[in-house]
Amino acid sequence: MLGKSFFLDRATSRSLDWLGRYPALGCACHDPRSLSSGRQIVVAAVTTTDVRCVFFSSIGSVFDFSATWTELERAKTWWYFVQRWYFWVVPDANTLAAINSTGALMDHLSVPTSAPRDLGDDVFLPWLDAIEKRARRCGTLAVLSHDTESV
């Protein structure tokens, strides 16, 4: 299990409902005023054994990816690439340290204050909602919603 095939075998393509639920995260790569300054976003949280990442791509797709640290060790080339290519949103310094320990130090990230306690949807999706809310305060969506509110 190496590289892109590892990602494609493990990632779950999320429905268009996810893009509707997270428009600021999904459109961030097309907006230099966005949370990521125009980069594709990955939102990640970890446990001692696993990592869960939601990738918002430039073509409008959303991929939900989970793996163990052991599996990522075998897919180093791909993992190093995504560490550098994407703008990362992580919940805390411990997550950042865990991800950085598996590759090069990431220089593009945001650290929201609330951290998910586990990687299940019941906790992860409300956390993603909070990140979306923060992302909407940046960029074009913030301008559009501000203009709408003033009408």
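Me: What do the side chains of Arg10 and Glu71 meet in?
Reply: The side chains of Arg10 and Glu71 meet in a salt bridge, with an N to O distance of 2.7 Å. The term denotes a side-chain nitrogen of Lys or Arg within 4 Å of a carboxyl oxygen of Asp or Glu. Arg10 belongs to helix H1 and Glu71 to helix H4 (residues 69-73), so the pair ties together parts that are 61 residues apart in sequence. Helices here are DSSP runs of H or I with at least four residues, strands are runs of E with at least two, and both are numbered from the N terminus.

Me: What is the origin of the coordinates, and how are residues numbered?
Reply: This is a predicted model, in which local features need pLDDT of at least 70 and side-chain atom pairs count only at pLDDT 80 or more, while totals for chains, interfaces and linings use all residues. Residues are numbered from 1 along each chain as its sequence is written, and side-chain values use heavy atoms, with hydrogens and water left out.

Me: Back to that pair. Is Glu71 buried or exposed?
Reply: Glu71 is buried, at a relative accessible area of 15%, whereas Arg10 is partly exposed at 29%. Buried means under 20% relative accessible area, exposed means over 50%, and partly exposed lies in between (1.4 Å probe, protein chains only).

Me: How many salt bridges does the structure hold?
Reply: The structure holds 8 salt bridges. One of them joins the side chains of Arg21 and Asp129, at 2.8 Å from N to O. Arg21 sits in helix H2 (residues 16-21) and Asp129 in helix H7 (residues 121-136), so this pair ties together parts that are 108 residues apart in sequence. Arg21 is partly exposed, with a relative accessible area of 38%, and Asp129 is also partly exposed, at 29%.

Me: Which residue forms a salt bridge with Arg52?
Reply: Asp121 does, the closest N and O atoms being 2.7 Å apart. The pair links distant parts of the chain, with Arg52 in strand S3 (residues 50-56) and Asp121 in helix H7, 69 residues apart. Arg52 is buried, with a relative accessible area of 4%, while Asp121 counts as partly exposed at 35%. Both residues take part in a network of salt bridges that also links Arg14 and Asp64.

Me: Changing topic: which residues lie nearest the centre of the largest pocket?
Reply: Phe7, Trp78, Phe81, Val82 and Tyr86 do, out of 14 lining residues. A pocket is an open set of points on a 1 Å grid over the protein atoms alone, where a 1.4 Å probe fits and protein lies on both sides within 12 Å along at least five of seven lines; lining residues have an atom within 4 Å of a point.

Me: Which element gives the most to that lining?
Reply: Helix H5 gives the most to the lining of the largest pocket, with 4 residues. By class, this lining has 10 nonpolar, 3 polar and 1 charged residues. Nonpolar covers Ala, Val, Leu, Ile, Met, Phe, Trp, Tyr, Cys and Pro; charged covers Asp, Glu, Lys and Arg; the others, including Gly, are polar.

Me: Finally, how many helices and strands are there in the protein chain?
Reply: The protein chain has 8 helices and 6 strands. Of its 151 residues, 44% count as buried.
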